Amino acid sequence: MLRGSRSSSSRRGPGLLGTVARTAVITGTATATNRAVNNAANQRAAQAQQEQAAAMQAQFEMEQMKTQLAALQSAQAAAVPAAAAPAPAAPAQPDLLAQLTQLSQLKDAGALSEAEFQLAKAKLLN
């Protein structure tokens, strides 16, 4: 009779339902935390990839500009001797302005240092 006379209130500790509920809460919290950490890492990786792509694009544009600048300088040197260089024709002005604008944009984007910008600008203007 001693065994049967015990009531359910004499048990110690949480019951089975309480343990299951606590485990579910812990598991849910761990899952949410894991997802948040993974999302943050994915966002950082995507941002780094975008920055790298932008830097590569800026480098490519800078190389194109250098090539165009060298070709323009070669053409100018071959067409006109340095001592008798006439004033540039009107159509060359928009190209020069476009090149200066492009140089300024590259400098603002961080693709060119101040010294590189000044050197390229001086080459364009001479």
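Begin by selecting Gln-99 in this predicted model; leaving aside neighbours within four places in sequence, Gln-99 is in contact with Met-65, Leu-72 and Leu-124. Gln-99 is found in helix H3. Is Gln-99 buried or exposed? Its relative accessibility is 15%, and because buried means under 20%, Gln-99 counts as buried.

Next, select Met-65, one of the residues that Gln-99 contacts. Not counting residues up to four places away in sequence, Met-65 touches Gln-99, Gln-102, Leu-103 and Leu-106.

Now extend the selection to the largest nonpolar core. Which residues form the largest nonpolar core? There are 11 of them: Ala-58, Met-62, Met-65, Leu-69, Leu-103, Leu-106, Ala-111, Leu-112, Phe-117, Ala-120 and Leu-124. Colour helix H2 (16-79), helix H3 (92-109) and helix H4 (114-125), the elements that each give two or more residues to this core. H2 provides the largest share, 4 residues. As a general point, nonpolar side chains tend to be buried together in soluble globular proteins.

Finally, turn to the second largest pocket, which has a volume of about 260 Å³. To find its centre, select Lys-66, Leu-69, Leu-103, Ala-120 and Lys-123, which are the closest to it of the 17 lining residues. H2, H3 and H4 are the elements that give two or more residues to this lining. The largest share of the lining, 7 residues, comes from H2. Colouring the lining by class shows 10 nonpolar, 4 polar and 3 charged residues.

Technical notes. Residues numbered from 1 in each chain as written. Predicted model: local features only at pLDDT ≥ 70, side-chain atom pairs only at ≥ 80, totals over all residues. Heavy atoms only, no water. Core = buried A, V, L, I, M, F, W, Y, C linked by side-chain atoms within 4.5 Å. Buried < 20%, exposed > 50% of the residue type's maximum accessible area, 1.4 Å probe, protein only. Contact = heavy atoms within 4.5 Å. 1 Å grid on protein atoms, 1.4 Å probe; cavity = no way out; pocket = protein on both sides within 12 Å on 5 of 7 lines; lining within 4 Å. Points joined across faces, edges and corners; volume = space filled by probe spheres on them. Nonpolar A, V, L, I, M, F, W, Y, C, P; charged D, E, K, R; others polar.
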